[in-house]
Amino acid sequence: LRIKPLTNDDVNCLSTRFQRQVITTNPAIPNSIIVQGEKKQVFSYDYVFGPESTQEEVYTNAIVRLVENFLEGYNVTILAYGQTSSGKTHTMGTADNSSISPDSKGIIPRAMETLFSSMNSLQCKNQKFSIKVSFIEIYNEDLIDLLGEGDMEARSQVTIREDSKGNILWNGLQEIKVNGVEDVMSHLARGSMNRQVGATEMNSKSSRSHAVFSVIMAQQKYVGSSPTPPPSTPPRPSTPSRLSDSSRIARSSSNLNLRMSRRFDEGDWVTVTSKFHFVDLAGSERLKRTSAVGERAKEGISINGGLLALGNVISALGDPNKAKHVTHVPYRDSKLTRLLQDSLGGNANTLMIACVSSSESNLNETINTLKYANRARNIKNSVSINQEESGWNDLEHLQSLVLKLRNEIKSLK
C-alpha cells in the first residue's frame, strides 16, 4: 500500500474540510493502517508506505527481491492499482525519461539498473543473456502495440492465445532486443508518448488506458558439478575422407559417446525464459467527479469495465467464501484479465501496489481500493522456473542423448 501525500493541486482545489487526513498508521501493528470514516476500520498489508515515503524506499523494500527472482528464471508481475490521480504512473515509472531526477525515478528504471548490473556481475559470467521488451495498451478494449512501426492500420493485430500447457501468448506484438538500461528507457519513453492520455477535472494527465510494459529474458545457464562449463555448441569432429563408411561411423559414434559421457557427468546447458510485466492500470473514476463527457466518458466506462472484470477475477481467486463454491474464474470477461491470466492464480510472482489518497474527499474510493487489495492478498500462485534443457532442436545433441541412455540401460542390465 502506498499513500499519496496532499499535493499543491489538492490544497488549491479542495475545501479545508475535505483536506482532513483520514488514514493513519498504527505504530503498535507494523504495516497496518487505520481509516477514520463513518466507522473506524483497520487494514493490514505486506508493506505500508506513508505519504513521506520515497521512491527508493518503495523499491528497496518491496521490489528488489522480485528482480532477483526474475533473474533466477521466475515470471514476475507488478500491478499498480488505485483511483485516478493516486500516483500509480509516478510509482511505476512508466512515464519516466532522461529529464526525471534520480530521486524521482520509478520502479521500472530502478529495476532495469539492478537487472543489467546483476547480469554483468561475476556471478553471471558463465551465463548468456538475451533481453527483449514490448509495450502494449488496452484502450477501449482494443489491444494496441505502443512500439509498433507505421500507422495503426499497417500494424499487425495483437491477439491473445493459450498454448497446450495453459500459458498465455501475445501474438503480433513487436518485441525489441535491448542491450542496456538506456535502450530500455528509450523504448519506454517512445511507447509512453504513444499512450492515450487526457485531462479530467481530477487529473490533468490522466492515463486513459491500461498499459503493460514487458521485459522478456532468455538465458543459457550451465547446470553441473564442474566449475568450468563446456562450450554450449561443441564443435563437430572432423574425419578423414579416405576412411571407409564403417570406420567413419564407428569413429563418430566413439566421439559422440566420449563427449556425451563427459557432458552428462559434468552437467549441461539449460535455457531459462522469464517475463517481467510492469502493469500500470488506468485509475478507477466516477464520471460525476471527473466531469467527463463524450469520448472521455466512453474511456472512463471502458476503464471501469476492465477494472470490474479484474475485481471479479480477484474475488473468485481470493475471497475465501467464494473459493469454496466458485470453480469458474472469469478471465475471458475482458482483455485485461485475459492478458493477466498467468499473473493472477498462475505461474508468476505477483505484487499489487495499491495507491490511495489520504484526504477525506477520496474516502469512498480509498476504502474500495483497500478492500480490493485485501482480497488480492489471498490469491495463491503456483510458481516454477521456466527451464528446459538446451539442444532439443539439435540433431547431434539428440543422437548423443540416445547413445548415453543406451549405455545406461546396458550397464543396468
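The axes of helix H2 (residues 55-72) and helix H4 come within 10 Å and cross at roughly 45 degrees, where axes are lines fitted to C-alpha atoms, for helices over the stretch in contact, and angles run from 0 to 180 degrees between N-to-C directions. H2 is therefore oblique to H4; angles under 35 degrees count as roughly parallel, over 145 as roughly antiparallel, 65 to 115 as roughly perpendicular and the rest as oblique. The crossing of H2 and H4 is right-handed, a term used if the near helix is turned clockwise from the far one by less than a right angle. Helices (H or I, at least four residues) and strands (E, at least two) are DSSP runs, numbered from the N terminus.

The model is predicted: local features need pLDDT of at least 70 and side-chain atom pairs count only at pLDDT 80 or more, whereas totals for chains, interfaces and linings use all residues. Residues are numbered from 1 along each chain as its sequence is written, and side-chain values use heavy atoms, with hydrogens and water left out.

On the H2 side, the residues that meet H4 include Tyr59, Ile63 and Val67; on the H4 side, those that meet H2 include Ile107, Ala111, Leu115 and Met119. Contact means heavy atoms within 4.5 Å. An α-helix has 3.6 residues a turn, so residues three or four places apart point the same way. Ile107, Ala111, Leu115 and Met119 are also among the buried residues of H4, buried being under 20% relative accessible area with a 1.4 Å probe and protein chains only. The 13 residues of H4 (residues 107-119) should span 18 Å at 1.5 Å a residue, and the end C-alpha atoms are 18 Å apart, which agrees; the expected span is 1.5 Å times one less than the number of residues.

The sheet comes next. Three strands form an open, antiparallel sheet in the order S2-S3-S4. Strand S2 (23-25) and S4 stand at the edges, each with a single partner strand, so one side of each is left without a neighbour in the sheet. The twist averages 25 degrees from one strand to the next. Two strands pair if DSSP finds at least two bridges between them. Three bridges join S2 to S3, with Ile23 partnered by Val35. S3 (residues 32-36) and S4 pair over five bridges, Ile33 with Phe43 among them, and a hairpin of three residues joins these strands.

In a regular strand the side chains alternate between the two faces of the sheet. In S4 (residues 40-44), Gln41 and Phe43 form the covered face, while Lys40, Val42 and Ser44 form the uncovered one. Helix H11 (residues 363-376) lies across S2, S3 and S4, running at about 40 degrees to S4.

Notes: Buried means under 20% relative accessible area, exposed over 50%, partly exposed in between (1.4 Å probe, protein chains only).
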